[in-house]
Protein chains: 2
Amino acid sequence: MGKIHGFKYVLCLSSSILLNLYLLDSVLRRDGELTWSKSAAVEAEAVASISCSGHGRAFLDGLFSQGKPVCECNSCYGGPDCSEFSSGCLADADSGNPLFLEPFWIAHAADSAVVVAGWHRMSYIFDDGSSISKELERHIRQLHAVTRNAVTEGRFILFGTGSTQLLIAAVHALSQDDSPSPARVVASIPFYPVYEMQTNFFRSMDFKFQGDASDWKNTSGSSLNFIEFVTSPNNPDGQLKEPVLQGPFVKTIHDHAYYWPHFTAIPAPANGDVMIFTMSKITGHAGSRFGWALIKDEGVYTRMSRYLSLNTMGVSRDTQLRALKLFKVALEGEGKEIFEFGYKTMRNRWEKLSKTFSGSTRFSIQKIAPRYCTYFEKIVGPSPAYAWLKCEREEDKDCYAVLKAAGIISRDGVLFKAEDHYVRLSLIKSQDDFDFLLNRLNALVSEEGAKII
Amino acid sequence: MGKIHGFKYVLCLSSSILLNLYLLDSVLRRDGELTWSKSAAVEAEAVASISCSGHGRAFLDGLFSQGKPVCECNSCYGGPDCSEFSSGCLADADSGNPLFLEPFWIAHAADSAVVVAGWHRMSYIFDDGSSISKELERHIRQLHAVTRNAVTEGRFILFGTGSTQLLIAAVHALSQDDSPSPARVVASIPFYPVYEMQTNFFRSMDFKFQGDASDWKNTSGSSLNFIEFVTSPNNPDGQLKEPVLQGPFVKTIHDHAYYWPHFTAIPAPANGDVMIFTMSKITGHAGSRFGWALIKDEGVYTRMSRYLSLNTMGVSRDTQLRALKLFKVALEGEGKEIFEFGYKTMRNRWEKLSKTFSGSTRFSIQKIAPRYCTYFEKIVGPSPAYAWLKCEREEDKDCYAVLKAAGIISRDGVLFKAEDHYVRLSLIKSQDDFDFLLNRLNALVSEEGAKII
């Protein structure tokens with residue numbers, strides 16, 4: 001009996017000691033796993049864990065109140081935890097802030113986090129003397145390969161501090177041709193206002209904004225130099241576009257910011273000589289200021305490189321590191337996750353919006369035909385980034401004011417050089433923004449019904 | 001006896017069980033501490049732990065070979081772990097790559113790491129509608145307050161993608177004055193070549209580079225518009241500078257990139273109307289592309305803001321987050337640690353260099369007088385970022401070639417519009433770079449002695 005007891009004791013004690021050793025090993029191993037990065041990780045997780053009621057988020061570099069980071073709320077939400085909805089607030093559909101993708105990244109927190117060491121890439125140059133990360137370049141080429149949205153073979157690649165910088169760098173590079181008169185920069189109405197704003201603002205001797213491309217259709221065979229911006233899909237109306245001007249003195253800048261499966265069917269890979277993309281509209285990271293250009297001609301590439309170098313000495317290495325991580329996540333499963341999330345979200349919003357306007361005679365939105373998408377390998381319905389809304393009635397000439405009176409901030413069509421019967425509504429903001437916009441639009445359209453009855 | 005044994009067993013078992021409970025709690029608590037940030041932290045630490053023999057480092061976004069990140073070696077070092085010194089290599093003292101601060105950040109790994117969440121600041125704007133982090137702005141003002149190197153009261157602050165962008169934005173803003181002729185942009189020889197390169201490259205209708213400020217001294221009272229770059233301390237020669245031109249039509253851009261205790265005594269806070277600083281020369285993070293401007297006049301501030309917005313839509317939020325963390329570390333102990341590290345390193349290099357040239361009649365370096373520094377509260381000896389070396393002999397007219405023949409890459413004085421008797425030697429690169437440069441310089445100077453004997 002004593003022996004049996006003794007045996008049991010020994011067994012228990014041995015097991016317990018073995019467990020001790022195992023746990024001790026776990027503790028030591030864990031401690032050994034993380035050293036210098038740990039406090040930054042703890043800090044980031046603490047900030048991320050702050051509840052902002054699903055209507056906001058706290059950031060590491062936000063303001064602090066009583067030692068706690070403050071919630072930054074979505075529009076129309078307020079209070080310490082963003083739980084207070086301010087119903088008198090305007091539904092803001094002005095900016096193209098791509099926050100519709102924020103939930104995707106929150107859901108992919110572990111894959112998409114980056115730890116930046118204090119000594120990370122302090123140098124002006126990468127190991128090969130360039131200012132671009134070869135790994136990032138490789139992932140960007142891969143991204144185009146899997147989405148089949150652009151030809152990258154035989155193309156140089158350039159990074160910009162947002163595509164904004166690349167647009168003006170391209171205009172600069174394409175206008176350096178010893179021509180006696182400045183190159184005429186044009187675009188098709190309606191067009192993204194930044195083209196004109198940049199071209200005018202930098203007051204170069206070599207280029208001048210000259211309005212609508214169509215106005216120059218008959219002169220483009222002449223020896224006048226043209227630079228045409230072609231935005232495809234177009235901002236504001238989401239249509240796939242082709243150049244209006246052709247000829248030996250016409251150069252084209254293809255702005256493909258929205259040429260991703262989120263926003264459009266991809267009928268074929270884009271193949272322009274100068275193609276510009278932005279991270280903002282594929283991953284949604286507008287704040288990171290990262291874009292890239294695919295360039296066919298070496299001379300143009302060299303001149304654009306020089307622009308980027310004398311303007312900002314390349315793109316922040318911190319941003320390049322982060323972009324690499326984000327693109328790695330985007331590439332998981334050949335992009336299926338992010339593009340399905342993006343397309344479904346945008347498609348769903350468009351369907352809701354279409355339903356809202358289906359019974360309206362006062363308002364209309366653009367028609368986009370369903371089209372075969374080589375990425376999804378099926379015909380896909382429209383999912384544009386913006387609604388290009390028309391106030392159909394003669395008395396609603398100032399469409400912006402009509403919407404404003406209904407509590408909606410739109411972007412005035414006049415800014416896109418269209419008639420003021422038009423406004424742009426952004427559909428890519430947060431879900432809160434979209435829901436509130438839809439709410440206000442439904443109210444506006446239902447008024448119409450009420451009046452008709 | 002049996003009882004005593006039994007008691008011992010119970011005691012051992014109880015202790016063991018208690019230890020188990022404690023360890024289990026540790027394991028669980030640890031697991032509970034970090035969730036989504038953990039794999040990024042493990043990844044970053046794994047890369048950081050790769051040994052590159054103290055002559056290089058591996059980066060998270062570097063190339064991989066056999067699943068392991070590749071070491072990126074300092075100049076003249078090679079091999080898989082950077083242990084192979086290539087003695088035939090040239091000592092490269094060309095670029096102003098501020099890697100002398102890299103060891104500081106490696107030593108402050110825990111404080112300076114940042115974890116960037118996948119959803120961090122995706123928006124174009126901060127909560128207040130601006131594109132700058134208020135927390136970062138506050139820390140920058142604090143940095144000037146503790147170093148007493150610039151007045152920030154009553155100044156607007158602007159962020160740029162490196163000071164490079166701010167320099168040209170300032171020229172643009174200061175030249176918008178409805179004058180019929182373009183503003184004349186000038187600087188004092190020897191000056192930083194980028195001023196001229198930018199001014200020429202962007203081919204604006206509103207400004208034109210017009211060389212040496214001194215050439216215009218007698219005309220600056222007239223109604224000609226001037227924009228003078230004043231670099232203090234000067235690049236290349238480290239001297240504290242004052243504007244050459246004065247008058248109602250003269251505007252001054254004070255480039256204070258090097259106005260930090262690392263490189264110069266701080267006699268008094270700088271107080272110019274337009275002052276430009278860069279993170280590159282205070283923390284050493286050239287690759288992050290972050291600079292800021294302190295602006296007195298609201299009109300100039302507004303025009304520069306517009307430039308930055310139409311050029312790049314502000315500075316990457318990833319960079320702003322990182323800059324905040326780095327400045328927090330720099331501010332520890334009122335900057336004592338970083339500035340003592342910086343000053344000691346630079347002072348030590350300068351002393352060694354001075355010793356090398358002390359016996360030379362063939363070469364001379366600039367003289368900088370010791371001066372009272374309000375930051376260190378004592379007289380400090382010179383610690384400039386660059387040596388401005390003169391080849392004194394008539395036959396050594398091409399000083400760049402003389403050094404090249406001795407295995408040293410310098411930056412030709414001609415680039416700074418000086419005579420070619422001059423070259424600039426960068427003293428702010430890595431310790432390896434400096435040691436090798438000194439080695440080559442000692443050999444060159446000792447030749448001189450040998451020939452005299």
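Two strands are said to pair if DSSP finds at least two bridges between them, and this definition is needed in the first exercise on this predicted model.

**Exercise 1.** Determine how strand β8 of chain A and strand β8 of chain B are joined, and in which direction they run.

*Solution.* Begin with the bridges: three of them join strand β8 (residues 114-116) of chain A to strand β8 (residues 114-116) of chain B. Since at least two bridges are required for pairing, the two strands count as a pair, and they run antiparallel.

**Exercise 2.** Work out how chain A and chain B are related to each other.

*Solution.* Chain A can be laid on chain B by a turn of 180 degrees with a shift of 0.0 Å along the axis, which gives an RMSD of 0.5 Å. The two copies are therefore related as by a two-fold rotation axis. Next, look at the surfaces: 100% of the interface residues of chain A are also interface residues in chain B, so the copies meet through the same surface.

**Exercise 3.** Describe the extent of the interface between chain A and chain B, and the charged links across it.

*Solution.* First, count the residues: 108 of chain A are in contact with 108 of chain B. Then take the area, which is about 10000 Å² buried between the chains, with 59% of it on carbon and sulfur atoms. In chain A, the residues that lose the most area to chain B are A:Asp61, A:Trp119 and A:Met122, together 8% of what that side buries. Finally, 10 salt bridges are found across the interface, and one of them links B:Arg121 with A:Glu72, whose closest N and O atoms are 2.9 Å apart.

Definitions and conventions
Residues numbered from 1 in each chain as written. Chains lettered and ligands numbered in written order. Predicted model: local features only at pLDDT ≥ 70, side-chain atom pairs only at ≥ 80, totals over all residues. Heavy atoms only, no water. Least-squares fit on C-alpha atoms with pLDDT ≥ 70 in both. Contact = heavy atoms within 4.5 Å. Buried area = accessible area lost by both parts, 1.4 Å probe. Salt bridge = Lys/Arg side-chain N within 4 Å of Asp/Glu carboxyl O. Helix = DSSP H or I, 4+ residues; strand = E, 2+ residues; numbered from the N terminus.
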